[in-house]
Amino acid sequence: DRPDLAGADRVVAGGRGVKSAEGFDEVIYPLADKLGAAVGASRAAVDAGYVPNELQIGQTGKVVAPALYMAFGISGAIQHLA
């Protein structure tokens with residue numbers, strides 16, 4: 001089981017640049033599992049239907065403050081900067 005996104009110490013997040021739900025299945029989820037991390041996503045990835053809404057991070061999603069945050073295919077949205 002993956003940790004809850006809101007309280008996770010490690011988060012692996014994907015955005016529109018991951019290109020598909022399959023991209024999340026092939027890259028994001030396996031990496032998160034190896035790291036024991038939660039999975040998050042940008043609004044663009046959620047809106048595109050790549051992942052469910054509960055994985056959204058940002059203004060209209062969950063606020064996260066992990067020790068490690070890895071973002072893939074996220075184009076610099078202010079909510080994904082530290």
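This is a predicted model: local features need pLDDT of at least 70, side-chain atom pairs count only at pLDDT 80 or more; totals for chains, interfaces and linings use all residues.
Visitor: In what order do the elements of the protein run from the N terminus on?
Guide: Happy to start there! The protein has two helices and three strands. Read from the N terminus, these elements follow the order β-α-β-α-β.

Visitor: How does the radius of gyration of the protein relate to the globule rule for 82 residues?
Guide: For 82 residues the globule rule gives 12 Å. The protein is close to that value, so it is as compact as a globular protein of that length. Its C-alpha trace spans about 25 × 25 × 20 Å along the principal axes. The radius of gyration itself is 11 Å.

Visitor: Among contacts between residues at least 6 apart in sequence, what share join residues at least 24 apart?
Guide: A contact here means heavy atoms within 4.5 Å. Counting contacts between residues at least 6 apart in sequence, the share that joins residues at least 24 apart is 66%.

Visitor: Is Q56 buried or exposed?
Guide: First, find Q56 in the loop between α2 (43–47) and β3 (68–72). Its relative accessible area is 5%, and buried means under 20%. Therefore Q56 counts as buried.

Visitor: Which residue has a side chain joined to that of Q56 by a polar contact of 2.6 Å?
Guide: Leaving aside neighbours within four places in sequence, Q56 is in contact with several residues, including L5, A41 and V46. The polar contact of 2.6 Å, though, links the side chain of Q56 to that of T60.

Visitor: And G49, is that residue buried or exposed?
Guide: G49 is also found in the loop between α2 and β3. The cut-off for exposed is over 50%, and G49 has a relative accessible area of 52%. So G49 is exposed.

Visitor: What distance separates the C-alpha atoms of G49 and D9?
Guide: Along the chain, G49 and D9 are 40 residues apart.

Visitor: Where does E22 lie, and what is its relative accessible area?
Guide: E22 lies in helix α1, which covers residues 21–35. Partly exposed means between the buried limit of 20% and the exposed limit of 50%. E22 is partly exposed, so its value falls in that range: 47%.

Visitor: How far apart are the mean positions of the positive and negative charges of the protein?
Guide: The protein has 7 positive and 9 negative charges.

Technical notes. Residues are numbered from 1 along each chain as its sequence is written. Side-chain values use heavy atoms; hydrogens and water are left out. Helices (H or I, at least four residues) and strands (E, at least two) are DSSP runs, numbered from the N terminus. The radius of gyration is taken over C-alpha atoms; the globule rule is 2.2 Å times the number of residues to the power 0.38. Lys and Arg count as positive and Asp and Glu as negative; His and the chain ends are not counted. The place of a charge is taken as NZ of Lys, CZ of Arg, CG of Asp or CD of Glu. Buried means under 20% relative accessible area, exposed over 50%, partly exposed in between (1.4 Å probe, protein chains only). A polar contact is a pair of N or O atoms within 3.5 Å; within protein, one must be able to donate a hydrogen and the other to accept it, and residues adjacent in sequence count only if both atoms are side-chain atoms.
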